[in-house]
Amino acid sequence: MTHPADFWNPKFETEEYIFGTEANSFIKAAIPPARAGQTAYAPADGEGRNGVYLAEIGYQVTTTDIADKAVAKAKALAQSRGVSIHAMVGDIMADPPGQFDVVIVSFMHFRPDDHRHFVAHLHKALAPGGLLAFEGYSLDQIPLTSGGPKSPDMLYTREQIESDFADLDILLIQDAKRRLNEGPRHQGEAATIQLIARKGHGQ
Ligand SMILES: C[S@@+](CC[C@H](N)C(=O)[O-])C[C@H]1O[C@@H](n2cnc3c(N)ncnc32)[C@H](O)[C@@H]1O
């Protein structure tokens with residue numbers, strides 16, 4: 001099977017930011033500005049658009065991605081916007097690089113076994129009291145052309161996401177129909193599942 005870095009690196013070998021340089025607009029709406037010293041983690045953040053935004057609103061940010069070409073572009077984006085992020089190569093199949101006050105997920109889709117590892121990774125990455133914002137394509141995305149995989153087992157339903165994060169305090173979960181304008185690969189009408197949830201202080 002192709003290693004994900006070998007699949008993704010060639011896509012990032014262009015000067016263009018293929019998912020744009022603006023953060024996912026749901027993440028922007030979901031995450032409040034940081035209080036002093038708060039940390040945020042954007043796993044598989046690609047070229048860094050979400051991590052850079054979180055740094056701009058005051059978080060101490062760690063981003064990872066499996067593709068080193070994407071990580072290099074994330075570092076360059078942070079520099080061009082005058083913020084600092086800790087961007088590193090990392091695999092969401094491994095343990096997260098710590099626990100964080102905020103964790104965000106933007107358009108990450110895996111086969112079921114890997115998805116289970118990803119969900120465990122996210123739970124571990126949340127500090128007690130930590131906030132998770134998650135958006136991914138739903139099954140309704142299949143006929144649409146604004147991005148994402150076409151295999152039904154890689155797309156989300158509200159019930160699945162609700163069950164994956166049932167241990168958290170779910171503040172919002174919804175099916176969304178919205179327009180994406182995020183670089184050349186995410187354009188047009190999209191169908192997504194959006195989640196905002198908080199880990200209990202005792203967890
Ligand atoms: C659809 S892109 C989304 C990028 C970013 N989250 C965004 O919204 O702009 C998927 C990203 O996941 C990364 N990726 C795929 N498998 C991964 C893994 N096992 N661990 C870490 N990153 C991975 C890819 O390199 C790519 O940057």
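This is a predicted model: local features need pLDDT of at least 70, side-chain atom pairs count only at pLDDT 80 or more; totals for chains, interfaces and linings use all residues.
# Strands, helices and a buried core

Biologist: Where is the place of Ala44?

Modeller: Helices (H or I, at least four residues) and strands (E, at least two) are DSSP runs, numbered from the N terminus. Ala44 has a positive phi, near 55°, and is not a glycine. Its place is the loop between strand 1 and helix 3.

Biologist: Which loop holds Phe107?

Modeller: Phe107 also has a positive phi, about 55°, although it is not a glycine. It is buried, with 22 other C-beta atoms within 10 Å. Its loop is the one between strand 4 and helix 5 (112–125).

Biologist: In what order do the seven strands form their open sheet?

Modeller: Two strands pair if DSSP finds at least two bridges between them. The pairing in this sheet is mixed, and the strand order is 3-2-1-4-5-7-6.

Biologist: Which are the edge strands?

Modeller: An edge strand here pairs on one side only.

Biologist: Which residue of strand 5 stands opposite Val103?

Modeller: Strand 4 (residues 100–106) and strand 5 (residues 126–137) are partners, joined in the parallel sense over six bridges. Val102 has Leu131 as its bridge partner in strand 5. For Val103, the residue opposite is Leu132.

Biologist: Which residue of strand 4 stands opposite Ala40?

Modeller: Strand 1 (residues 39–42) runs parallel to strand 4, and two bridges join them. Opposite Ala40 stands Val102.

Biologist: How many residues of strand 4 are buried?

Modeller: In strand 5, nine of the twelve residues are buried, so that strand is largely enclosed by the rest of the structure. Strand 4 is also largely enclosed, because its buried residues number seven of the seven.

Biologist: How many residues does the largest nonpolar core have?

Modeller: A nonpolar core is a set of buried Ala, Val, Leu, Ile, Met, Phe, Trp, Tyr and Cys residues joined through C-beta atoms within 7 Å. Among those with the most contacts inside the largest one are Ala40, Val102, Val103, Ile104 and Leu132. The size of this core in residues is 48.

Biologist: Which residues does Ile104 touch, not counting those up to four places away in sequence?

Modeller: Two residues are in contact if their C-beta atoms, placed from the backbone, lie within 7 Å. With residues up to four places away in sequence left out, Ile104 touches Ile27, Ile31, Ala40, Ala42, Asn50 and Ala133.

Biologist: Which residues of helix 3 are buried?

Modeller: Helix 3 is mostly covered, with seven of its eight residues buried. Those buried residues pack against several elements, including strand 1, helix 4 and strand 4. They are Arg49, Asn50, Gly51, Val52, Tyr53, Leu54 and Ala55.

Biologist: Within what arc do the buried residues of helix 4 fall?

Modeller: In helix 4, the buried residues are Ala70, Val71, Lys73, Ala74 and Ala78. Seen down the helix axis, they line one face of helix 4 because their arc, taken from the directions from the axis to the C-beta atoms, is within 160°.

Biologist: Which residues are exposed on the other side of helix 4?

Modeller: The buried residues of helix 4 pack against helix 1 (4–12), helix 3 (49–56), strand 2 and strand 3. On the other side of helix 4, the exposed residues are Gln79 and Ser80.

Conventions: Residues are numbered from 1 along each chain as its sequence is written. A residue is buried if 20 or more other C-beta atoms lie within 10 Å of its own, exposed if 12 or fewer, and partly exposed in between; C-beta atoms are placed from the backbone.
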